[in-house]
Amino acid sequence: MAELITYRDAVKRAIAQEMRRDDSVYLIGEDVGDAGGVFKATKGLLDEFGPVRVRDTPISEEAILGAAMGAAMTGLRPIAEIMFSDFLATCWDLVAVEMAKTRYMTDGQVTLPLVIRTANGGGLRFGAQHSQAVENWAMAVPGLKVVAPSNPHDLIGLFAAAVRDDDPVLFFEQKSLYPTKGHVEEGEIVEELGTAKIVRSGTDVTIVALASMVRRAEQAADELAEQGISAEVIDLRSLVPLDATTIIESVVKTSRLVTVEENPRLCGWGSEVVSLVAEEAFWHLDGPLTRVTTPHIPLPSADALEDEVLPSVQRIVDGCVKAVS
Amino acid sequence: MGASQPAGDVDPSTLLPPAEPVHLLDPDGTYHEDPDHPVDLDDDQLRMLYRHMVVTRKVDREAINLQRQGQLGVYASLLGQEAAQVGGAFALSEEDWVFPSYREMGAAVTRGVDTGKMLHLFRGTWLSDHDPYEHHFALYSIPIGTQALHAAGFAMGAKFDDNPIVTMAYFGDGATSEGDPHEAMTFAGVFKAPVVFFVQNNQWAISVPLDQQTAAPTLAHKAVGYGMPGHHCDGNDVLATYAVTRKAVDRARSGAGPALIEALTYRMEAHTTSDDPSRYRTRQEEEEAAKTDPIVRYKLFLEKEGLLDADLGEQVEAEAAAEATRMRDEIYEAPHGDPMELFEHVYVDDTGHFERQREVLATELAARDGEVSA
Ligand SMILES: Cc1ncc(C[n+]2csc(CCOP(=O)(O)OP(=O)(O)O)c2C)c(N)n1
Ligand SMILES: [Mg+2]
């Protein structure tokens, strides 16, 4: 029996699933215990697992990741929470320079099986310093895996895969998705990292989307259908590893590509997808490779303004029409 | 020189905070003179401290209301911390600079910053924030502790220019765990920057209490590690926060370097309007803390000294109410800007690529609006 749960509750269920299964998994972060997380995504975990395995820390992102990295070296499987993904910038040395390089620089002798969870992206009017979609920062660093689920089911399955993976994984929870719901079956859920999902098949244009943009891409596909355009929607799910096969196969079929990205324009993840397709599927293309992104500006916090600049269903439709015509 | 030689030229014991926090006013308003912390204020200035605290409390309450009415995205109340903020900021000269966190409405009121403008940040109105250069009051810092670095850097810059100003960074007990204030204090100590680090220890960092934040005897003790004096005071005693800050500011201005102040207070409200403190602290604790209300205590003092009668009290209340109404009207009337303006202040000059994106968005919005009206 599948149950309808929120993305927020999926986080809790995913963490609990992995902590029950494996004693070496623990959670560390700011306000994750008594408060249950500022997004209430870790509520109840302290009660079930106790203060040793669910650990509130002083406010130091650098020390949280340092603790996670050190613990991972001892063989534990830490889950570290960075409250807002913007704050990854305060501890980026640990992520990009230390964690990402450790396995490589020790000839594979030291692995860091840890997960960094973080609330990413806009949509909640938190303004320029608490709304950034930074998945493309992480994607630019060799040695990191980068995951961003779009729905409760995938969140649990990909989270489990991230915890069980031996590389450091950056796990982006899109914060405007926390209240959204989806069906999730009972029992353990584990998926595979690096597998994109075709969430809707079509023949005229391939839309590649991530996290909160997936739902919008599906809505755009509905509108396009009314105009007689058949769109295939791919939920990328993870940026590293990137499921190039699914993307290329789809474009070979549709001959057109549109990426839908929440990140600001320059060097957004879609530019990688677009260049991949340009190189590998060029002779199959029948239209301009098109990117729908947030402009290259910091996000505003006023509701109306934020909505104007994040990719809307209408802008996705327009992008697809442009790619097809 | 031997490797074990201390780097500093000061006796560490002279940097230690006092055994007891500096406290000049009893809860019943009785004043104790302390020769080390003189209060050099005239009667008007003493009344002004009261005025600032009362206005602060009123606009703070009104800001919470505005958030509840959907006018602000979020708001961080400073209820209970009025004496810490007002006393501290009052010790600065007009030319000095304040580098606030996100909870510093009391410091803003003291500096004369337009309270309505302060709230635009929480409303998300585009292009309507206060001008930091007008009252030497920097942008609210929401990433924890970063303002300590800005304050130290600004002080170093001013010193380089022989500009005799002092900067003051306000931050919280929780912020002392971040690297940023630590690194700021290290620099300030080494470069003898004229900066005062003012910690409002309100006992909580969202849900984390002080004893889970630090193992230090007091936050003021940390000063010794940076080679600067540590001050410890009752943060709900506005005369103590004023006098202690004044001492630190004068010393910094004289060229003797930075200081760290810990003002003991209590966050009487939730962390922000999005927070529910019943998840992590008891009502009883909150009720105990409310007994140390800084405004009540100061009012008793002024009355004892014959500086405040019923008329003046009413006048101050009326002024506070008028300010809150003015702020409220400004927020209610503030329009949300034009999305095209969002491009205006990202770069000084537009790059070619950037210009293209502005055009793309303009075209998309025009097409959409055309459709809506069609
Ligand atoms: C770099 C960074 N990490 C975490 C946060 C989330 N956060 C916002 S306020 C806060 C608590 C700060 O506590 P404290 O310094 O005591 O200041 P107070 O809120 O009590 O005034 C935290 C953890 C943040 N804004 N920035
Ligand atoms: Mg605090």
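1. Buried area is the accessible area, taken with a 1.4 Å probe, that two parts lose on being put together, summed over both. By that definition, domain 1 and domain 2 of chain A bury about 2,000 Å² between them. Carbon and sulfur atoms give 57% of that area. On the side of domain 1 of chain A, the residues that lose the most area to domain 2 are R125(A), N136(A) and M139(A). Together they make up 30% of what that side buries. The model is predicted, and these values should be read as such.

2. The domain bounds in chain A are 2-185 for domain 1 and 197-324 for domain 2. The C-alpha centres of these two domains are 26 Å apart. In contact terms, 27 residues of domain 1 of chain A meet 27 residues of domain 2 of chain A.

3. Next, the polar side of this domain contact. Four salt bridges are counted between domain 1 and domain 2 of chain A. Polar contacts join 14 residue pairs across the two domains, with both residues at pLDDT 80 or more. For a salt bridge to inspect, take K197(A) and D154(A): their side chains meet with N to O at 2.7 Å.

4. Which elements of chain A each supply at least two residues of the side of domain 1 that touches domain 2? They are α5 (135-139), β6 (145-147) and α6 (152-164). By class, that side of domain 1 of chain A holds 12 nonpolar, 11 polar and four charged residues.

5. Now the interface between the chains. Chain A brings 30 residues to the contact and chain B brings 36. The area buried between chain A and chain B is about 2,900 Å². Carbon and sulfur atoms give 60% of it. In chain A, I59(A), L305(A) and E308(A) lose the most area to chain B.

6. How many salt bridges cross the interface of chain A and chain B? The rule finds one. R315(A) and E364(B) form a salt bridge, with their closest N and O atoms 2.5 Å apart. Polar contacts between chain A and chain B number six residue pairs, both residues at pLDDT 80 or more.

7. On the side of chain A that touches chain B, α10 (303-309) and α11 (313-324) of chain A are the elements giving two or more residues. The largest share, four residues, comes from α10(A). The residues of this side divide into 13 nonpolar, eight polar and nine charged.

8. Chain B has its own domain assignment: domain 1 covers 15-334 and domain 2 covers 338-374. The C-alpha centres of the two lie 40 Å apart.

9. At the start of α1(B), a side-chain oxygen of D42(B) comes within 3.1 Å of the backbone nitrogen of D44(B). Just after α1(B), G70(B) has a positive phi of about 85 degrees.

Notes: Residues are numbered from 1 along each chain as its sequence is written. Chains are lettered from A and ligands numbered from 1 in the order in which they are written. This is a predicted model: local features need pLDDT of at least 70, side-chain atom pairs count only at pLDDT 80 or more; totals for chains, interfaces and linings use all residues. Side-chain values use heavy atoms; hydrogens and water are left out. Domain bounds come from an automatic or database domain assignment. Contact means heavy atoms within 4.5 Å. A polar contact is a pair of N or O atoms within 3.5 Å; within protein, one must be able to donate a hydrogen and the other to accept it, and residues adjacent in sequence count only if both atoms are side-chain atoms. Ala, Val, Leu, Ile, Met, Phe, Trp, Tyr, Cys and Pro count as nonpolar, Asp, Glu, Lys and Arg as charged, and the others, Gly among them, as polar.
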